[in-house]
Amino acid sequence: MTAEQTAHATGAFTEDPEAAEYTAYGSDWSSIAEEAARLAQQRIVVNMGPQHPSTHGVLRVMLEIEGETVTEARAGIGYLHTGIEKNMEFRTWTQGVTFCTRMDYVASMFQEAVYCLGIEKLLGITDDVPERASVLRVLMMELTRIGSHLVAIGTGGNEMGATTIMTTAFIAREDTFRIIEMITGLRTNNAYIRPGGVSQDTPEGAVDAIRAMIPKVRQRLDEMADLQLKNPIFIGRLQGIAHLNLAGCMALGITGPILRSTGLPYDVRKAEPYCGYETYDFQVPTSTDSDAFSRVVLRMEECYESLKIIAQCADRLEASEGQPVMVADKKIAWPAQLALGPDGQGNSLDHIREIMGTSMEALIHHFKLVTEGFKVPAGQVYQTVESPKGLLGVHLVSDGGTKPWRAHFRDPGFNNLQALSILCEGGQIADVVVAIASIDFVLGGVDR
Amino acid sequence: MSDDLTPATPDMGDRTPVTLINVREGMFGAGGDTSGYAGLVRTIEMPGASERPYGEWFDGVVDVLEELLGDDADDAIESVVVDRGELTLYVNRDHLLAVARHLRDDQDLRFEICLGVSGVHYPADEGRELHAVFPMQSITHNRRLRVEVALSEDDARLPSLTSIYPANNWHERETWDFFGIIFDGHPSLARIEMPDDWVGHPQRKDYPLGGIPVEYKGAEIPSPDTRRQYR
């Protein structure tokens with residue numbers, strides 16, 4: 001197809017080449033306003049982004065405004081497209097984890113989890129995943145859920161000028177990161193969840209650290225609730241803003257806190273449990289206010305529910321000490337359990353001693369499994385999990401080889417961002433920032 | 001590994017194959033095959049059409065859909081595949097809108113949300129190279145099924161579902177962008193991830209990954225798509 005035949009974007013807002021253009025760089029805009037007033041223009045098109053502090057990455061928002069009212073809002077995405085899905089087709093199934101974890105980098109565990117659950121369904125080993133591995137997956141997902149919600153609430157507050165909300169949120173998020181780093185070795189982009197289980201077992205003292213973390217995070221959450229929920233400015237800025245009812249959510253395929261803020265308690269963890277979520281005791285908070293304020297409240301409440309799940313995970317980890325964290329099938333599980341060495345790298349001296357000293361077959365097996373990977377029978381599956389942003393889906397196709405034929409992620413942010421127009425149009429320009437924050441998307445996931 | 005000799009496709013019994021995923025030659029992919037197995041040709045197929053009973057709730061859904069479609073049912077539903085506990089309906093594109101409307105509106109089906117569309121490219125499947133895959137989610141009945149439409153590369157068009165599922169707007173733009181599948185009736189089928197003036201559709205299998213060879217400790221490491229691959 002030639003460039004001429006390629007369908008283009010919907011075009012510029014105005015065909016008029018004489019239309020005045022202003023470029024604003026965040027200083028005093030009064031001269032621009034005066035110039036616009038002098039030209040007697042009421043209707044102004046504003047390009048917000050792609051680099052704007054409130055756009056959670058590189059989102060371009062095209063706003064048509066009349067005075068302070070937004071008459072049209074369009075989102076332009078693609079500035080962070082990195083071709084992750086295409087790249088995954090050229091890497092082994094296991095290597096794919098390191099790619100998909102970088103999509104929505106604020107909630108990386110969810111991509112890892114949904115991808116690995118999909119592979120396990122393709123392999124037909126869903127029931128063979130050890131219980132301890134599932135507990136660790138749930139623990140990681142819930143820690144990440146808290147982190148993601150805290151970023152959503154914290155940056156949302158920061159964008160309205162309340163820096164303390166952000167700093168408090170990030171302090172609490174750091175506490176969750178300490179646990180994640182202790183267990184996986186990394187704060188984000190962990191590549192911890194692997195096909196068949198998780199990459200390594202917990203280090204000594206992990207359960208105690210988890211139990212010590214819970215009250216700390218709870219205290220910060222309480223602090224944030226005190227700061228926000230009765231604050232008249234906060235209420236004034238969020239209540240009744242960015243309204244979207246149930247019918248709108250259904251039409252636009254919106255899931256997650258936005259859907260639950262309309263009163264529908266749809267949560268994949270309850271509707272279609274995975275990783276043993278049906279055995280945990282937790283609630284799905286809902287609201288019927290359908291506005292930005294109720295979404296903040298829901299995210300706060302979900303953080304408390306996640307803490308409940310994490311406490312249950314700690315008990316289960318204590319009870320299942322010493323049990324495997326990877327499927328028994330040696331054709332899928334990597335052969336060594338790594339331990340953190342003094343150099344900060346994962347290593348297993350016993351395994352090195354075995355493959356270098358005693359068993360050449362073990363060395364060959366290890367080499368083949370890591371470089372070539374394992375084969376996945378041909379077919380396709382669709383797997384979903386409840387990410388903090390909504391329903392995260394993955395469509396995996398295998399051609400029977402060691403690499404995915406196709407891996408497609410349905411990022412909830414990509415879908416939910418379509419609601420931006422309906423959330424903003426007819427409202428004030430200052431509320432656009434609130435609407436963006438209440439959708440809670442991450443451009444890494446949106447653009448992939 | 002000894003399992004190199006086991007078939008890559010699951011035992012399908014006498015199921016008629018629906019989709020030819022790939023034809024593989026030799027032991028390895030790109031980069032030259034030095035194994036001596038260059039003459040080896042294997043066809044890799046998707047699990048084929050299933051026979052009734054399909055099991056679980058699948059029979060009921062297919063029955064209701066066939067009843068609603070009436071005389072068109074045979075034309076509309078090309079085949080039904082049940083694999084790994086998931087139901088796939090291969091639908092003829094001429095009847096896609098009718099099928100989607102029934103799936104959304106009928107009280108026994110009620111698939112309220114379409115989770116977007118995922119394109120897949122099977123260059124070896126002649127006349128059916130491009131597939132559009134629509135996962136449908138029913139919140140009322142807590143079910144999910146997959147509607148799949150196979151298209152020829154030369155005539156890669158199908159009706160847009162945006163009139164029934166407005167959420168598919170961006171998903172269809174993405175599939176157009178990456179696969180060149182044209183969704184007729186889409187309000188604004190423009191590229192969404194790639195720049196507007198981009199040429200080609202990057203997720204097609206004949207579109208190169210790109211990348212340059214990298215030197216590491218004196219050795220040259222080829223880019224990922226030109227390395228010898230264990231396919």
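Me: What makes A:Ala73, A:Ala75, A:Ala435 and A:Ile439 contacts of A:Leu420?

Reply: In this predicted model, two residues are in contact if their C-beta atoms, placed from the backbone, lie within 7 Å. A:Leu420 is in contact with A:Ala73, A:Ala75, A:Ala435 and A:Ile439, once its neighbours within four places in sequence are left aside.

Me: Why is A:Gly400 called buried?

Reply: The cut-off is 20 or more other C-beta atoms within 10 Å. A:Gly400 has 22 such neighbours, so the residue counts as buried. Its place is in the loop between β9 and β10 of chain A. That hairpin has 5 residues between the strands, and A:Gly400 takes a positive phi near 85° there. The C-alpha atoms of A:Gly400 and A:Leu122 are separated by 9.9 Å, although the two residues are 278 apart along the chain.

Me: How do you know that β9(A) and β10(A) pair?

Reply: Pairing needs at least two bridges. β9(A) and β10(A) have 6, in the antiparallel sense, so by that criterion they pair. Within this pairing A:Leu396 stands opposite A:Ala407 of β10(A).

Me: What joins β8(A) to β9(A)?

Reply: There are 9 bridges between β8(A) and strand β9 (residues 390–398) of chain A, and the two run antiparallel. One bridge partner is A:Gly390 in β9(A), which faces A:Ser387.

Me: Why is β10(A) described as largely enclosed?

Reply: Of its 7 residues, 7 are buried, so β10(A) is largely enclosed by the rest of the structure.

Me: What makes β1 and β3 of chain A edge strands?

Reply: The order β1-β2-β3 (chain A) makes up an open antiparallel sheet of 3 strands. β1 (43–48) and β3 (69–76) each have a single partner strand, so one side of each is left without a neighbour in the sheet. Strand β2 (residues 60–66) of chain A pairs with β3(A) over 7 bridges, in the antiparallel sense. A:Ile65 stands opposite A:Val70 in β3(A).

Me: How many residues of chain B are in contact with chain A, and what classes are they?

Reply: Contact is made by 49 residues of chain B with 49 residues of chain A. Several elements give two or more residues to this side of chain B, including β7 (130–138), β8 (143–151) and α4 (168–179) of chain B. By class, this side has 27 nonpolar, 9 polar and 13 charged residues.

Me: What share of chain B counts as buried?

Reply: The share is 38% of the 231 residues of chain B. The chain has 4 helices and 12 strands.

How values were computed
Residues numbered from 1 in each chain as written. Chains lettered and ligands numbered in written order. Predicted model: local features only at pLDDT ≥ 70, side-chain atom pairs only at ≥ 80, totals over all residues. Buried ≥ 20, exposed ≤ 12 C-beta atoms within 10 Å, placed from the backbone. Nonpolar A, V, L, I, M, F, W, Y, C, P; charged D, E, K, R; others polar.
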